[in-house]
Amino acid sequence: QVQLVESGGGLVQAGGSLTLSCAASGSILGINDLSWYRQAPGKQREWVATTTIGGSTMYANFVKGRFTISRDLAKSPVSLQMNSLKPEDTAVYYCNAQIRGTLATRNYWGQGTQVTVSS
C-alpha cells in the first residue's frame, strides 16, 4: 500500500518562510508528476504547483515568484519552499503523486499539513 505523508507545516508570520516535504512509502516502481494543492477553510481545494517526471515545473499565478517546488527521489520525493508568505496562504497543504505500482499507475494524496500565516 502506498502512503504519502506531508510534514513541515506550522505557524509563521507574514513575510516568513516554510518548507513542506512529502515522503512516499510502499510498493513504488516510480513516480510521475508530483503536485501540491491547498484548501483554505470554506473553499475548494486548489492546485498550487507541479513538477513533472521530465523536470518541468508549473505554478499557480498566486504563488509564482514566491514558492518553489522541487523533487529529489533519493530523499523526500517532493518539497515546497514557500517564501514571502501571506495570510491568504493559510490552508491545509496536500501532496499529490502519480505513482507507478506493480499493477497500475494511480493518483495518491497525503493527509495534509496545516500552514497558518499570521498578519
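Begin by selecting strand 9 (91-100) and strand 10 (residues 105-109), which pair in the antiparallel sense over five bridges; strands here are DSSP runs of E with at least two residues, numbered from the N terminus, and two strands pair if DSSP finds at least two bridges between them. This is a predicted model, in which local features need pLDDT of at least 70, side-chain atom pairs count only at pLDDT 80 or more, and totals for chains, interfaces and linings use all residues. Residues are numbered from 1 along each chain as its sequence is written, and side-chain values use heavy atoms, with hydrogens and water left out.

Staying with this pair, you will find that strand 9 and strand 10 form a hairpin with four residues between them, and that Arg100 stands opposite Thr105 in strand 10.

Next, select Trp36, Val48, Phe67, Leu80, Met82 and Tyr93, the residues with the most contacts inside the largest nonpolar core, which has 29 residues. Such a core is a set of buried Ala, Val, Leu, Ile, Met, Phe, Trp, Tyr and Cys residues joined through side-chain atoms within 4.5 Å, where buried means under 20% relative accessible area (1.4 Å probe, protein chains only). The largest share of this core, five residues, comes from strand 9.

Now move to Ser79, which lies in strand 8 and is buried, with a relative accessible area of 18%. The side chains of Ser79 and Ser70 are joined by a polar contact of 2.9 Å, a term for a pair of N or O atoms within 3.5 Å, of which, within protein, one must be able to donate a hydrogen and the other to accept it, while residues adjacent in sequence count only if both atoms are side-chain atoms.

Note on methods. Buried < 20%, exposed > 50% of the residue type's maximum accessible area, 1.4 Å probe, protein only.
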